[in-house]
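Reader: I would like to learn how to read the features of a model one at a time. Where do we begin?

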Amino acid sequence: MSEAFAPHAADRRELTAAQRNAVAELLRVSPVADELGRRFARAGHELHLVGGSVRDALLGRLGDDLDFCTDAHPDQTLRIVKGWAESIWETGREFGTIGCQRDGLRLEVTTYRAEAYDQVSRNPIVEYGTSLTEDLRRRDFTINAMAVSLPDHRFTDPHGGLDDLAAKVIRTPGTPRESFGDDPLRMLRAARFAAQLRFAVHPQVREAMTRMAADLDRITAERIRDEFTKLLSGADPITGLRLLVDTGLAERFLPELTGLKLEIDEHAQHKDVYEHTLTVVSNAVSYETDGPDFILRMAALMHDVGKPATKAVGSDGRVSFHHHEVVGARLTKARMKAMRYPKDVTSQVTRLVGLHLRFYGYGRGEWTDSAVRRYVTDADDLLPRLHKLTRSDCTTRNRRKAAQLAADYDALEERIARIAAEEDLARVRPDLDGNAIMELLGVPPGPLVGRAWQHLKELRLERGPLDRAEAEAELLRWAREQGLA
């Protein structure tokens, strides 16, 4: 491998480190990769490790998913891997891809492509290419247009991807206009890689993203959703989000984000909601303990999207956004539905947005134990995320105010823990179950039992646990009020 790299003298130190990373990473997977390469060679075909796999090897972060390209067509690839692969899948066959698994590695082998769009449709026209050079030229960015041939480990880099990797810059193999014209999603991918890799977008690429932002409308919601999810889950989502807004891409699929740039007039000064939101997202990232949490990050991003629609200026000149959490939850649900997010993901993010203001007012001493129980019950399994979101939302520069809010939330969490230890708050249930209700009232299953159950749950939230006798007495009292006894 090392002989194949020929870095420029000025970049020798950084690129030598990249070479060492690549050698170490490829040695780890080479027993499988080289064996596969030999099988293709014996069948008269080429095989190359390509794209993100080469990039990640150079960065020292190669995973267990490896991408290859070949001159073999899918039927030929299938014949080569059958009997060798532990499992095979053909879900990407229409795009020329055959997948298989061997020794814990997931391998995807794709026929050389000469892929293009007709500038109107939302899906690529897949045509098989005839050479590695042609295949690399049609790829999105130079850092993804490098290949390592197998089994001889010859390195191919026709577009200077190695130099761009060292410079930490995102650039297209050809002109950005041509690349984005073929696939407008690449504009969103540029922002995604900036967020994932902490790389800068080349000025010409950025200019093309701005000029061609409207072309993103040709892309399906699902493809946009997947790229945006990766961006928001990246190591530096703030850089990616700024790119989306500054280039106009956000306006095409997430206009609520651009809408946070509220006009600030001289008579109604208020916090820059856009900058505040980016700070909240950054804070949320800092609270993560087990990798990126998309639900938390998305809730942080959307938590104030209801403010533009609820902005009001009072007679005293003060700005307010009453019930912006309610409006924001509704907008969040609609936007995530339009982006085709799963219902469960949308529901969790929407609930967090709707709950993010509930804590404010706690420090004034107005919360009873009943209010704490309702806070925990309404949050349910989202309570840990709600804790993080609420803390992230404190972005005031007033140190005294920030310290007071943090102390208040510490006190709330301690109070939740105390009540939870006494009452098992995680499983707030009425003190009588459905069977006991039917037996005591002498009624069959039906809506009446549900109403009685809900009454007892409200009573449980208000007063805490009741013993059996108290619960039965309360149920009978409720039944009399309903004219049932």
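Predicted model: local features only at pLDDT ≥ 70, side-chain atom pairs only at ≥ 80, totals over all residues.

Author: We begin with how elements are named. Helices (H or I, at least four residues) and strands (E, at least two) are DSSP runs, numbered from the N terminus.

Reader: What is the phi of His153, and is the residue buried or exposed?

Author: His153 has a phi near 65°, which is positive although the residue is not glycine. Its relative accessibility is 17%, so His153 counts as buried. The loop between E6 and strand E7 (155–156) also holds Pro151. The peptide bond that joins Leu150 to Pro151 is cis, with omega at about 10°.

Reader: How should I read empty space in a model?

Author: Rolling a probe the size of a water molecule over the atoms shows where empty space is left. In this structure there is 1 cavity of 30 Å³ or more. The largest cavity has a volume of about 50 Å³.

Reader: Which residues line the largest cavity?

Author: Its lining consists of Leu26, Val29, Ser30, Ala33, Asp34, Leu49, Val148, Leu150 and His153. Helix H1 (residues 12–42) gives the most to this lining, with 5 residues. By class, the lining of the largest cavity has 6 nonpolar, 2 polar and 1 charged residues.

Reader: What is the volume of the largest pocket, and which residues are closest to its centre?

Author: The volume of the largest pocket is about 1,400 Å³. It is lined by 41 residues, and those closest to the centre are Asp67, Arg113, Arg189, Arg192 and Lys230. Two or more lining residues come from each of helix H2 (52–58), strand E2 (65–70), strand E4 (97–102), strand E5 (105–111), helix H7 (185–197) and helix H9 (221–232). H7 gives the most, with 6 residues.

Reader: How do I read a pair of aromatic rings?

Author: A pair of aromatic rings is described by the distance of the centres and the angle of the planes. A search of the whole structure finds 4 aromatic pairs. One of them joins Phe141 and Phe193, which are edge-to-face, 5.9 Å centre to centre with 85° between the planes. Phe141 lies in the loop between helix H4 (132–137) and strand E6 (147–149), and Phe193 in helix H7, so the pair ties together parts that are 52 residues apart in sequence. Both Phe141 and Phe193 are buried.

Reader: Why is the pair of Phe228 and Phe253 edge-to-face?

Author: The cut-off for edge-to-face is an angle over 60 degrees. The planes of Phe228 and Phe253 stand at 70°, with ring centres 5.7 Å apart, so the pair is edge-to-face. This pair links distant parts of the chain, with Phe228 in helix H9 and Phe253 in helix H11 (residues 250–253), 25 residues apart. Phe228 has 0% relative accessibility and counts as buried. Phe253 is buried as well, with a relative accessible area of 5%.

Reader: Which residues of helix H3 are buried, and where on the helix do they lie?

Author: In H3 (residues 74–81), the buried residues are Pro74, Thr77, Leu78, Ile80 and Val81. Seen down the axis of H3, they fall within an arc of 165°, so they line one face of the helix.

Reader: How many of the residues of helix H10 are buried?

Author: In H10 (residues 237–247), 8 of the 11 residues are buried, so the helix is largely enclosed by the rest of the structure. The buried residues of H10 are Pro237, Ile238, Gly240, Leu241, Leu243, Leu244, Val245 and Thr247.

Definitions and conventions. Residues numbered from 1 in each chain as written. Heavy atoms only, no water. 1 Å grid on protein atoms, 1.4 Å probe; cavity = no way out; pocket = protein on both sides within 12 Å on 5 of 7 lines; lining within 4 Å. Points joined across faces, edges and corners; volume = space filled by probe spheres on them. Buried < 20%, exposed > 50% of the residue type's maximum accessible area, 1.4 Å probe, protein only. Arc of directions from axis to C-beta. Phe/Tyr/Trp six-rings, centres within 6.5 Å; stacked < 30°, edge-to-face > 60°. Nonpolar A, V, L, I, M, F, W, Y, C, P; charged D, E, K, R; others polar.
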